[in-house]
Amino acid sequence: MRRFVADKAKTLINRSRTTCSSSSPITTSTSVLQRLTSSSSQSPAVLRFLSTSSDSMASDYSSTPVTLNNVNPKVLKCEYAVRGEIVNLAQKLQQDLKENPGSHPFDEILYCNIGNPQSLAQQPITFFREVLALCDHPLILDKSETQGLFSADSIERAFQILDQIPGRATGAYSHSQGIKGLRDTIASGIEARDGFPADPNDIFLTDGASPAVHMMMQLLIGSENDGILCPIPQYPLYSASIALHGGTLVPYYLDEETGWGLEVSELENQLKTAKSKGINVRALAVINPGNPTGQVLAEANQREIVEFCKKEGLVLLADEVYQENVYVPEKQFHSFKKVARSMGFGEKDISLVSFQSVSKGFYGECGKRGGYMEVTGFSPEIREQIYKVASVNLCSNISGQILASLVMSPPKICKTI
Ligand SMILES: Cc1ncc(COP(=O)(O)O)c(C=O)c1O
(Lines give C-alpha, C1' and ligand atoms only; values in the text may rest on other atoms or scores of the structure.)
Protein backbone atom coordinates (compact mmCIF):
# COMPACT_ATOMS: atom_id res chain seq x y z
CA MET A 1 0.00 0.00 0.00
CA ARG A 2 2.78 2.42 0.96
CA ARG A 3 4.65 1.66 -2.27
CA PHE A 4 1.44 2.15 -4.25
CA VAL A 5 0.88 5.57 -2.66
CA ALA A 6 4.53 6.56 -3.09
CA ASP A 7 4.51 5.53 -6.76
CA LYS A 8 1.27 7.41 -7.38
CA ALA A 9 2.66 10.51 -5.65
CA LYS A 10 5.90 10.31 -7.66
CA THR A 11 3.94 10.03 -10.92
CA LEU A 12 1.85 13.05 -10.01
CA ILE A 13 4.90 15.12 -9.06
CA ASN A 14 6.76 14.11 -12.21
CA ARG A 15 3.73 14.95 -14.34
CA SER A 16 3.39 18.36 -12.72
CA ARG A 17 7.15 18.91 -13.28
CA THR A 18 6.86 18.05 -16.98
CA THR A 19 3.79 20.21 -17.52
CA CYS A 20 5.29 23.20 -15.79
CA SER A 21 8.93 22.67 -16.76
CA SER A 22 9.88 25.87 -18.56
CA SER A 23 7.31 28.40 -17.51
CA SER A 24 6.79 27.52 -13.89
CA PRO A 25 9.06 26.96 -10.92
CA ILE A 26 6.82 24.16 -9.56
CA THR A 27 8.95 21.23 -8.41
CA THR A 28 6.93 19.49 -5.75
CA SER A 29 3.29 18.83 -5.02
CA THR A 30 3.66 21.13 -2.00
CA SER A 31 4.60 23.98 -4.25
CA VAL A 32 1.61 23.13 -6.47
CA LEU A 33 -0.54 23.66 -3.39
CA GLN A 34 1.31 26.80 -2.39
CA ARG A 35 0.92 28.22 -5.84
CA LEU A 36 -2.77 27.47 -5.86
CA THR A 37 -3.33 29.09 -2.51
CA SER A 38 -1.06 32.13 -3.04
CA SER A 39 -2.90 35.16 -4.32
CA SER A 40 -0.29 36.23 -6.89
CA SER A 41 -0.42 33.21 -9.20
CA GLN A 42 -4.00 31.95 -9.19
CA SER A 43 -5.46 30.98 -12.52
CA PRO A 44 -8.96 32.34 -13.29
CA ALA A 45 -10.32 28.86 -12.66
CA VAL A 46 -8.63 28.66 -9.25
CA LEU A 47 -9.83 32.13 -8.41
CA ARG A 48 -13.35 31.07 -9.35
CA PHE A 49 -13.52 28.26 -6.85
CA LEU A 50 -11.55 30.07 -4.17
CA SER A 51 -13.91 32.98 -4.43
CA THR A 52 -16.91 31.31 -2.80
CA SER A 53 -16.61 34.39 -0.66
CA SER A 54 -17.84 34.23 2.89
CA ASP A 55 -18.99 37.85 2.45
CA SER A 56 -21.44 37.03 -0.31
CA MET A 57 -22.51 33.89 1.57
CA ALA A 58 -23.05 35.94 4.74
CA SER A 59 -25.25 38.46 2.94
CA ASP A 60 -27.30 35.67 1.33
CA TYR A 61 -28.03 34.18 4.71
CA SER A 62 -28.23 37.36 6.78
CA SER A 63 -31.81 36.68 7.93
CA THR A 64 -31.27 33.05 8.99
CA PRO A 65 -31.55 32.40 12.73
CA VAL A 66 -28.25 30.63 13.32
CA THR A 67 -25.15 32.82 13.05
CA LEU A 68 -21.53 32.55 14.10
CA ASN A 69 -22.45 34.72 17.08
CA ASN A 70 -25.10 32.39 18.45
CA VAL A 71 -24.05 28.92 17.21
CA ASN A 72 -22.82 26.54 19.92
CA PRO A 73 -19.33 27.88 20.79
CA LYS A 74 -18.14 24.31 21.38
CA VAL A 75 -18.73 23.61 17.69
CA LEU A 76 -16.72 26.69 16.74
CA LYS A 77 -13.89 25.64 19.02
CA CYS A 78 -13.74 22.14 17.55
CA GLU A 79 -11.06 21.65 14.89
CA TYR A 80 -10.67 18.63 12.65
CA ALA A 81 -7.70 19.19 10.39
CA VAL A 82 -7.85 15.87 8.51
CA ARG A 83 -11.11 16.96 6.95
CA GLY A 84 -10.30 20.69 6.97
CA GLU A 85 -9.19 23.38 4.57
CA ILE A 86 -6.67 21.39 2.52
CA VAL A 87 -9.28 18.70 1.85
CA ASN A 88 -11.84 21.34 0.89
CA LEU A 89 -9.34 22.82 -1.54
CA ALA A 90 -8.56 19.35 -2.95
CA GLN A 91 -12.27 18.70 -3.53
CA LYS A 92 -12.64 21.99 -5.30
CA LEU A 93 -9.60 21.21 -7.45
CA GLN A 94 -11.08 17.83 -8.29
CA GLN A 95 -14.34 19.41 -9.37
CA ASP A 96 -12.39 21.90 -11.42
CA LEU A 97 -10.46 19.09 -13.13
CA LYS A 98 -13.73 17.36 -13.92
CA GLU A 99 -15.29 20.46 -15.42
CA ASN A 100 -12.15 21.73 -17.17
CA PRO A 101 -9.79 18.82 -17.90
CA GLY A 102 -6.21 20.00 -18.34
CA SER A 103 -6.80 23.17 -16.32
CA HIS A 104 -4.12 22.23 -13.80
CA PRO A 105 -0.65 20.80 -14.13
CA PHE A 106 -1.97 17.45 -12.80
CA ASP A 107 -4.97 15.33 -13.67
CA GLU A 108 -5.60 13.43 -10.48
CA ILE A 109 -5.89 14.12 -6.75
CA LEU A 110 -4.67 11.48 -4.37
CA TYR A 111 -6.21 11.78 -0.89
CA CYS A 112 -3.67 10.85 1.76
CA ASN A 113 -5.14 13.02 4.52
CA ILE A 114 -6.76 10.05 6.26
CA GLY A 115 -6.20 6.28 6.29
CA ASN A 116 -8.73 5.22 3.67
CA PRO A 117 -7.11 2.34 1.77
CA GLN A 118 -10.07 1.37 -0.43
CA SER A 119 -10.12 4.90 -1.86
CA LEU A 120 -6.55 4.17 -3.00
CA ALA A 121 -7.58 1.01 -4.85
CA GLN A 122 -7.14 -1.58 -2.06
CA GLN A 123 -9.70 -4.27 -2.83
CA PRO A 124 -12.12 -5.43 -0.11
CA ILE A 125 -11.61 -8.86 1.42
CA THR A 126 -13.81 -11.24 -0.61
CA PHE A 127 -14.96 -13.30 2.37
CA PHE A 128 -16.25 -10.23 4.22
CA ARG A 129 -18.15 -8.94 1.23
CA GLU A 130 -19.64 -12.34 0.36
CA VAL A 131 -20.94 -12.80 3.88
CA LEU A 132 -22.40 -9.28 3.88
CA ALA A 133 -24.07 -9.84 0.50
CA LEU A 134 -25.60 -13.16 1.57
CA CYS A 135 -26.84 -11.76 4.88
CA ASP A 136 -28.42 -8.80 3.12
CA HIS A 137 -30.12 -10.97 0.49
CA PRO A 138 -30.76 -14.32 2.19
CA LEU A 139 -33.13 -15.46 -0.55
CA ILE A 140 -30.15 -16.37 -2.73
CA LEU A 141 -28.82 -18.74 -0.06
CA ASP A 142 -31.27 -21.37 -1.28
CA LYS A 143 -30.41 -21.00 -4.99
CA SER A 144 -28.17 -23.62 -6.54
CA GLU A 145 -26.12 -20.98 -8.46
CA THR A 146 -25.01 -19.50 -5.15
CA GLN A 147 -22.80 -22.54 -4.47
CA GLY A 148 -20.82 -21.72 -7.60
CA LEU A 149 -20.63 -17.98 -7.01
CA PHE A 150 -19.86 -17.82 -3.28
CA SER A 151 -17.30 -19.72 -1.21
CA ALA A 152 -18.53 -22.53 1.04
CA ASP A 153 -17.01 -20.67 4.03
CA SER A 154 -19.01 -17.52 3.41
CA ILE A 155 -22.24 -19.44 2.82
CA GLU A 156 -21.75 -21.29 6.10
CA ARG A 157 -20.91 -18.08 7.98
CA ALA A 158 -23.88 -16.24 6.49
CA PHE A 159 -26.19 -19.03 7.71
CA GLN A 160 -24.63 -18.81 11.20
CA ILE A 161 -24.99 -15.03 11.35
CA LEU A 162 -28.55 -15.00 10.02
CA ASP A 163 -29.49 -17.50 12.72
CA GLN A 164 -28.26 -14.94 15.27
CA ILE A 165 -30.28 -12.04 13.87
CA PRO A 166 -33.83 -11.87 15.15
CA GLY A 167 -36.14 -12.51 12.19
CA ARG A 168 -33.04 -12.75 9.93
CA ALA A 169 -33.75 -9.08 9.30
CA THR A 170 -30.66 -6.98 8.55
CA GLY A 171 -32.99 -4.07 7.92
CA ALA A 172 -34.35 -4.04 11.46
CA TYR A 173 -33.05 -2.10 14.47
CA SER A 174 -31.09 -4.34 16.79
CA HIS A 175 -30.43 -4.32 20.53
CA SER A 176 -28.78 -0.97 21.33
CA GLN A 177 -25.47 -2.66 22.17
CA GLY A 178 -25.64 -4.69 18.96
CA ILE A 179 -26.88 -8.17 18.03
CA LYS A 180 -26.17 -10.52 20.92
CA GLY A 181 -24.86 -13.41 18.75
CA LEU A 182 -22.37 -11.06 17.07
CA ARG A 183 -21.24 -9.79 20.47
CA ASP A 184 -20.73 -13.43 21.53
CA THR A 185 -18.47 -13.93 18.50
CA ILE A 186 -16.52 -10.75 19.27
CA ALA A 187 -16.11 -11.72 22.93
CA SER A 188 -14.75 -15.13 21.83
CA GLY A 189 -12.34 -13.35 19.44
CA ILE A 190 -11.10 -11.13 22.29
CA GLU A 191 -10.65 -14.19 24.53
CA ALA A 192 -8.67 -15.98 21.81
CA ARG A 193 -6.50 -12.88 21.31
CA ASP A 194 -5.85 -12.12 25.00
CA GLY A 195 -6.15 -15.43 26.82
CA PHE A 196 -8.52 -13.80 29.34
CA PRO A 197 -12.32 -14.00 29.50
CA ALA A 198 -14.44 -11.40 27.72
CA ASP A 199 -18.13 -10.79 28.38
CA PRO A 200 -20.49 -10.11 25.43
CA ASN A 201 -22.41 -7.76 27.72
CA ASP A 202 -19.32 -5.54 27.89
CA ILE A 203 -19.35 -5.06 24.12
CA PHE A 204 -21.06 -2.05 22.56
CA LEU A 205 -21.17 -2.26 18.78
CA THR A 206 -20.81 1.17 17.18
CA ASP A 207 -20.63 2.87 13.77
CA GLY A 208 -16.82 2.84 13.93
CA ALA A 209 -14.50 3.79 16.77
CA SER A 210 -15.29 7.51 16.45
CA PRO A 211 -18.86 7.41 17.85
CA ALA A 212 -17.61 5.15 20.65
CA VAL A 213 -14.99 7.73 21.62
CA HIS A 214 -17.66 10.43 21.51
CA MET A 215 -19.88 8.33 23.76
CA MET A 216 -17.15 8.03 26.37
CA MET A 217 -16.36 11.76 26.18
CA GLN A 218 -20.04 12.45 26.71
CA LEU A 219 -19.99 10.26 29.79
CA LEU A 220 -16.82 11.75 31.28
CA ILE A 221 -17.01 15.45 30.44
CA GLY A 222 -19.47 17.63 32.32
CA SER A 223 -17.69 20.96 32.06
CA GLU A 224 -14.39 22.51 31.06
CA ASN A 225 -13.05 21.53 34.47
CA ASP A 226 -13.01 17.93 33.29
CA GLY A 227 -9.78 17.04 31.55
CA ILE A 228 -8.65 14.14 29.38
CA LEU A 229 -4.97 13.30 29.03
CA CYS A 230 -4.22 12.98 25.31
CA PRO A 231 -1.08 12.15 23.36
CA ILE A 232 0.57 14.79 21.20
CA PRO A 233 0.88 14.11 18.31
CA GLN A 234 -2.61 12.63 18.30
CA TYR A 235 -5.33 11.59 15.91
CA PRO A 236 -7.58 14.71 16.01
CA LEU A 237 -10.72 12.76 16.96
CA TYR A 238 -9.57 13.26 20.55
CA SER A 239 -9.03 17.03 20.52
CA ALA A 240 -12.21 17.46 18.44
CA SER A 241 -14.44 15.33 20.66
CA ILE A 242 -13.09 16.90 23.85
CA ALA A 243 -13.81 20.36 22.41
CA LEU A 244 -17.29 19.34 21.24
CA HIS A 245 -18.18 18.01 24.67
CA GLY A 246 -16.76 21.12 26.37
CA GLY A 247 -13.86 19.53 28.25
CA THR A 248 -10.18 20.34 28.51
CA LEU A 249 -7.47 18.53 26.62
CA VAL A 250 -4.54 17.83 28.90
CA PRO A 251 -1.63 17.13 26.56
CA TYR A 252 1.18 14.69 27.15
CA TYR A 253 4.02 14.66 24.67
CA LEU A 254 5.35 11.52 23.02
CA ASP A 255 9.13 11.48 22.76
CA GLU A 256 10.35 11.29 19.15
CA GLU A 257 13.93 10.59 20.28
CA THR A 258 12.82 7.29 21.80
CA GLY A 259 10.63 6.25 18.83
CA TRP A 260 7.63 8.23 20.11
CA GLY A 261 7.90 6.66 23.55
CA LEU A 262 5.34 7.30 26.25
CA GLU A 263 7.10 8.26 29.49
CA VAL A 264 5.11 7.87 32.69
CA SER A 265 7.14 10.75 34.19
CA GLU A 266 5.64 12.97 31.43
CA LEU A 267 2.13 11.78 32.37
CA GLU A 268 2.84 12.57 36.02
CA ASN A 269 4.13 16.06 35.21
CA GLN A 270 1.19 16.92 33.00
CA LEU A 271 -1.30 15.56 35.50
CA LYS A 272 0.30 17.66 38.25
CA THR A 273 0.21 20.81 36.08
CA ALA A 274 -3.44 20.20 35.15
CA LYS A 275 -4.41 19.65 38.80
CA SER A 276 -2.65 22.86 39.80
CA LYS A 277 -4.95 24.68 37.36
CA GLY A 278 -7.99 23.15 39.01
CA ILE A 279 -8.66 20.61 36.26
CA ASN A 280 -10.21 17.34 37.30
CA VAL A 281 -8.47 14.83 35.04
CA ARG A 282 -10.88 11.97 34.36
CA ALA A 283 -9.16 9.74 31.84
CA LEU A 284 -6.00 8.90 29.95
CA ALA A 285 -6.33 8.28 26.19
CA VAL A 286 -3.62 6.07 24.72
CA ILE A 287 -3.42 5.25 21.01
CA ASN A 288 -1.58 1.94 20.65
CA PRO A 289 -0.31 1.22 18.02
CA GLY A 290 -0.01 4.96 17.54
CA ASN A 291 -1.43 7.27 14.94
CA PRO A 292 0.19 9.33 13.48
CA THR A 293 3.36 8.09 15.17
CA GLY A 294 3.16 4.33 14.48
CA GLN A 295 4.83 3.30 17.74
CA VAL A 296 3.93 0.02 19.42
CA LEU A 297 4.14 0.17 23.21
CA ALA A 298 6.27 -2.40 25.01
CA GLU A 299 4.37 -4.56 27.47
CA ALA A 300 6.49 -3.26 30.38
CA ASN A 301 5.56 0.30 29.44
CA GLN A 302 1.87 -0.67 29.26
CA ARG A 303 2.11 -2.08 32.79
CA GLU A 304 3.45 1.26 34.03
CA ILE A 305 0.56 3.03 32.31
CA VAL A 306 -2.01 0.69 33.88
CA GLU A 307 -0.36 1.22 37.27
CA PHE A 308 -0.48 5.00 36.75
CA CYS A 309 -4.23 4.93 35.90
CA LYS A 310 -4.94 2.73 38.89
CA LYS A 311 -2.96 4.98 41.25
CA GLU A 312 -4.50 8.21 39.93
CA GLY A 313 -8.05 6.87 39.54
CA LEU A 314 -8.17 7.51 35.79
CA VAL A 315 -10.26 5.72 33.19
CA LEU A 316 -7.95 4.18 30.59
CA LEU A 317 -9.28 4.87 27.09
CA ALA A 318 -7.32 2.46 24.90
CA ASP A 319 -7.58 3.21 21.20
CA GLU A 320 -6.53 -0.15 19.77
CA VAL A 321 -7.84 0.25 16.24
CA TYR A 322 -4.39 -0.41 14.73
CA GLN A 323 -3.89 -3.73 16.53
CA GLU A 324 -3.28 -5.57 13.23
CA ASN A 325 -0.96 -2.89 11.85
CA VAL A 326 2.38 -3.85 13.39
CA TYR A 327 5.07 -4.06 10.74
CA VAL A 328 8.23 -4.96 12.65
CA PRO A 329 8.84 -8.54 13.81
CA GLU A 330 10.35 -7.51 17.14
CA LYS A 331 7.18 -5.67 18.25
CA GLN A 332 3.87 -7.16 19.24
CA PHE A 333 0.47 -5.73 20.06
CA HIS A 334 -0.84 -6.40 23.56
CA SER A 335 -4.28 -5.19 24.49
CA PHE A 336 -4.44 -3.07 27.63
CA LYS A 337 -7.07 -5.41 29.01
CA LYS A 338 -4.75 -8.38 28.67
CA VAL A 339 -1.94 -6.40 30.33
CA ALA A 340 -4.21 -5.27 33.19
CA ARG A 341 -5.56 -8.79 33.75
CA SER A 342 -2.06 -10.28 33.62
CA MET A 343 -1.08 -7.85 36.42
CA GLY A 344 -3.90 -9.26 38.53
CA PHE A 345 -6.27 -6.31 38.07
CA GLY A 346 -9.82 -7.63 37.74
CA GLU A 347 -13.10 -6.09 36.62
CA LYS A 348 -13.46 -3.99 39.77
CA ASP A 349 -9.85 -2.78 39.92
CA ILE A 350 -9.54 -0.61 36.85
CA SER A 351 -11.93 1.19 34.47
CA LEU A 352 -10.85 0.40 30.96
CA VAL A 353 -12.42 0.97 27.55
CA SER A 354 -10.90 -0.61 24.45
CA PHE A 355 -11.87 0.74 21.01
CA GLN A 356 -11.72 -1.40 17.88
CA SER A 357 -12.73 -0.64 14.30
CA VAL A 358 -13.36 -2.34 10.95
CA SER A 359 -11.69 0.67 9.26
CA LYS A 360 -8.11 -0.38 9.93
CA GLY A 361 -6.05 -3.60 9.94
CA PHE A 362 -5.79 -5.40 6.60
CA TYR A 363 -9.52 -4.98 5.97
CA GLY A 364 -9.78 -1.17 5.72
CA GLU A 365 -13.59 -1.18 5.55
CA CYS A 366 -13.78 2.51 6.57
CA GLY A 367 -16.97 3.29 4.68
CA LYS A 368 -18.91 0.44 6.25
CA ARG A 369 -18.68 2.16 9.65
CA GLY A 370 -18.27 -0.68 12.11
CA GLY A 371 -16.49 -1.10 15.39
CA TYR A 372 -17.01 -1.72 19.05
CA MET A 373 -15.92 -0.68 22.50
CA GLU A 374 -15.30 -3.16 25.27
CA VAL A 375 -16.28 -1.46 28.50
CA THR A 376 -14.91 -2.96 31.72
CA GLY A 377 -14.61 -1.81 35.32
CA PHE A 378 -17.71 0.41 35.59
CA SER A 379 -20.43 0.00 38.19
CA PRO A 380 -23.84 -1.36 37.07
CA GLU A 381 -25.35 2.13 37.54
CA ILE A 382 -22.79 3.71 35.19
CA ARG A 383 -23.17 0.83 32.73
CA GLU A 384 -26.85 1.70 32.64
CA GLN A 385 -25.97 5.28 31.75
CA ILE A 386 -23.69 4.11 28.93
CA TYR A 387 -26.47 1.84 27.72
CA LYS A 388 -28.89 4.79 27.81
CA VAL A 389 -26.53 6.91 25.69
CA ALA A 390 -26.14 4.01 23.22
CA SER A 391 -29.93 3.65 23.11
CA VAL A 392 -30.37 7.28 22.05
CA ASN A 393 -28.79 6.22 18.74
CA LEU A 394 -31.11 3.15 18.66
CA CYS A 395 -28.37 0.89 17.29
CA SER A 396 -25.34 0.90 15.03
CA ASN A 397 -25.75 -0.18 11.40
CA ILE A 398 -26.10 -3.91 10.91
CA SER A 399 -23.51 -4.32 8.11
CA GLY A 400 -20.94 -2.67 10.39
CA GLN A 401 -21.97 -5.00 13.21
CA ILE A 402 -21.56 -8.07 10.99
CA LEU A 403 -18.17 -6.84 9.78
CA ALA A 404 -17.00 -6.23 13.36
CA SER A 405 -17.81 -9.85 14.17
CA LEU A 406 -15.95 -11.05 11.05
CA VAL A 407 -12.89 -8.96 11.86
CA MET A 408 -12.72 -10.54 15.31
CA SER A 409 -13.37 -13.99 13.91
CA PRO A 410 -11.90 -14.28 10.40
CA PRO A 411 -11.84 -17.68 8.66
CA LYS A 412 -9.10 -19.95 10.01
CA ILE A 413 -6.68 -22.01 7.97
CA CYS A 414 -7.89 -25.61 8.25
CA LYS A 415 -5.08 -27.89 9.42
CA THR A 416 -6.78 -31.21 8.61
CA ILE A 417 -7.38 -32.09 4.97
C1 LIG B 1 -6.30 6.30 16.11
C2 LIG B 1 -7.63 6.31 15.43
N3 LIG B 1 -8.73 6.11 16.15
C4 LIG B 1 -9.95 6.12 15.60
C5 LIG B 1 -10.10 6.34 14.24
C6 LIG B 1 -11.48 6.37 13.65
O7 LIG B 1 -11.86 5.12 13.26
P8 LIG B 1 -13.34 4.79 12.72
O9 LIG B 1 -13.26 4.83 11.23
O10 LIG B 1 -13.61 3.43 13.24
O11 LIG B 1 -14.28 5.80 13.29
C12 LIG B 1 -8.98 6.57 13.44
C13 LIG B 1 -9.13 6.82 12.01
O14 LIG B 1 -8.19 7.05 11.28
C15 LIG B 1 -7.71 6.55 14.05
O16 LIG B 1 -6.61 6.76 13.34
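**Close-up views of a predicted model**

View 1. A121 counts as exposed because 10 C-beta neighbours lie inside 10 Å; the class is exposed at 12 or fewer other C-beta atoms within 10 Å of a residue's own, buried at 20 or more and partly exposed in between, with C-beta atoms placed from the backbone. A121 is not a glycine, yet has a positive phi of about 80°. A121 sits in the loop between α6 (85-99) and α7; helices (H or I, at least four residues) and strands (E, at least two) are DSSP runs, numbered from the N terminus. This is a predicted model, in which local features need pLDDT of at least 70 and side-chain atom pairs count only at pLDDT 80 or more, while totals for chains, interfaces and linings use all residues. Residues are numbered from 1 along each chain as its sequence is written.

**View 2. Loop residue W260.** W260 also is not a glycine and has a positive phi, of about 65°. The loop between β3 and α13 (264-276) holds W260. With 18 other C-beta atoms within 10 Å, W260 is partly exposed. Most residues other than glycine have a negative phi, and most peptide bonds are trans.

View 3. The bond joining N288 and P289 is cis, with omega about -10°, and P289 is in the loop between β4 and α14 (299-312). The peptide bond from N291 to P292 is cis as well, with omega near 10°. P292 lies in the loop between β4 and α14.

**View 4. Strand β2 and its partners.** In β2 (residues 226-232), 6 of 7 residues are buried. β2 runs parallel to β4 (residues 280-287), joined by 4 bridges; strands pair if DSSP finds at least two bridges between them. With β3 (residues 248-253), β2 pairs in the parallel sense over 6 bridges. The bridge partners of I228 are A283 in β4 and L249 in β3.

**View 5. Helix α17.** Of the 10 residues of α17 (residues 398-407), 9 are buried, among them I398, G400 and Q401. The buried residues of α17 pack against α7 (126-136), α9 (152-164), α10 (180-194), β1 (203-206) and β7 (371-376); contact requires C-beta atoms, placed from the backbone, within 7 Å.

View 6. Among the 15 residues around the ligand, G208, A209, S210, S357 and S359 come nearest; a residue is near if its C-beta atom, placed from the backbone, lies within 6 Å.

Methods
Two residues are in contact if their C-beta atoms, placed from the backbone, lie within 7 Å.
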